[in-house]
Amino acid sequence: PGGGVSVFVTGTDTGVGKTSFTVWLLRRLVERGVRCAGYKPICCGDRDDALQLQAASSSGLTIEEVNPVWLRSPVAPLTAAREEDRIIDLFALRDGFVRLKERFDFVAVEGVGGWMVPITPNYFSNDLAAELDLRVIVVAQNRLGCLNHTFLTVRAIEAAGLNCAGVVLNNLTPGTDLAVTTNGEVLRSCLSLPILERFEPDSTAIPP
């Protein structure tokens, strides 16, 4: 155990379904006997995302291990920290991951918001992914406009010298909207990456 593969799950924006996908991924791995942990370094607002990751992970995790930094204000971490007169402990973010990686075969790190969300004035969510040296999975809500957001995010990941492992398109419900039904095909034709389409609420996956 320990020292295994890990990923960083980012989004094209906030509210695109990062937690939903990460929970789905953890559950599938647990079903296959993989010792895995979800890690949400920072929560802003409630702690529901972290609680969902804890429930989907292998047993033995406390909520503090899943989520070391909890800010009550539902805004970007930099703003929340200023509102609450707090300084975000960057070492705690890194150390929390290292400790989980020593104990589990797989760690899924869920970022906060999108790819470049400020944690401090000089440290962004993408800096954490780079520092942890993780492969990145991009989650997007499958809707009109997601192509631009997805390409921008993927290109930014690649420009940073990181490995983009693939793109996940989340749908709340299957639809007949032209953009929704063609976004996956367009992404596959433009990106040499795995594209996964998922439908909610049953989380049925349609492989690429």
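**View A. Where helices H5 and H6 meet.** Leu93, Arg94 and Phe97 on the H5 side touch Leu128, Glu131 and Leu132 on the H6 side, where contact means heavy atoms within 4.5 Å. Sort the residues of this H5–H6 contact by class and you get four nonpolar, no polar and two charged. For these classes, Ala, Val, Leu, Ile, Met, Phe, Trp, Tyr, Cys and Pro count as nonpolar, Asp, Glu, Lys and Arg as charged, and the others, Gly among them, as polar. A word on what you're looking at: this is a predicted model, in which local features need pLDDT of at least 70 and side-chain atom pairs count only at pLDDT 80 or more, while totals for chains, interfaces and linings use all residues. Residues are numbered from 1 along each chain as its sequence is written, and side-chain values use heavy atoms, with hydrogens and water left out.

**View B. How H5 and H6 cross.** H5 covers residues 90-103 and H6 covers residues 125-132; the two pack at an angle of about 40°, with their axes 11 Å apart. That makes H5 oblique to H6, given that angles under 35 degrees count as roughly parallel, over 145 as roughly antiparallel, 65 to 115 as roughly perpendicular and the rest as oblique. The axes are lines fitted to C-alpha atoms, for helices over the stretch in contact, and the angles run from 0 to 180 degrees between N-to-C directions. The H5–H6 crossing is right-handed: a crossing gets that name if the near helix is turned clockwise from the far one by less than a right angle, and left-handed if anticlockwise. As for the labels, helices (H or I, at least four residues) and strands (E, at least two) are DSSP runs, numbered from the N terminus.

**View C. H7 against H8.** Here H7 packs with helix H8 (residues 178-190) at an angle of about 30°, with their axes 11 Å apart. This crossing of H7 and H8 is right-handed. H7 brings Cys146, Leu147, Thr150, Phe151 and Arg155 to the contact, and H8 brings Asn183, Val186, Leu187 and Cys190. By class, the H7–H8 contact has six nonpolar, two polar and one charged residues.

View D. Asn148 sits in H7, which spans residues 146-159, and is partly exposed, with a relative accessible area of 45%. On this scale buried means under 20% relative accessible area, exposed over 50%, and partly exposed in between (1.4 Å probe, protein chains only). Asn148 and Thr12 are 136 residues apart along the chain, yet their C-alpha atoms are separated by 9.4 Å. Setting aside neighbours within four places in sequence, Thr153 is in contact with Thr10, Gly11, Thr12, Trp115 and Val138.

**View E. Thr19 and its partner Glu110.** Thr19 belongs to helix H1 (residues 18-31) and is buried, with a relative accessible area of 8%. The side chains of Thr19 and Glu110 are joined by a polar contact of 2.7 Å. A polar contact is a pair of N or O atoms within 3.5 Å; within protein, one must be able to donate a hydrogen and the other to accept it, and residues adjacent in sequence count only if both atoms are side-chain atoms. Not counting residues up to four places away in sequence, Thr19 touches Asp49, Gln52 and Glu110.

**View F. Phe8 in strand E1.** Look for Phe8 in strand E1 (residues 6-11), where Phe8 counts as buried at 2% relative accessibility. Leaving out neighbours within four places in sequence, the residues in contact with Phe8 include Val109, Gly111, Trp115, Leu128 and Ile137. The C-alpha atoms of Phe8 and Val69, 61 residues apart along the chain, are separated by 17 Å.

**View G. Thr120 in strand E6.** Thr120 is part of strand E6 (residues 118-120) and counts as buried at 18% relative accessibility. Apart from neighbours within four places in sequence, Thr120 is in contact with Leu78 and Leu90.

**View H. Two loop aspartates with positive phi.** Asp85 is in the loop between helix H4 (77-83) and H5, and Asp133 is in the loop between H6 and strand E8 (135-141). Asp85 has phi near 55°, a positive value in a residue other than glycine; for Asp133, phi is near 55°. Asp85 counts as exposed at 73% relative accessibility, and Asp133 counts as exposed at 61%.
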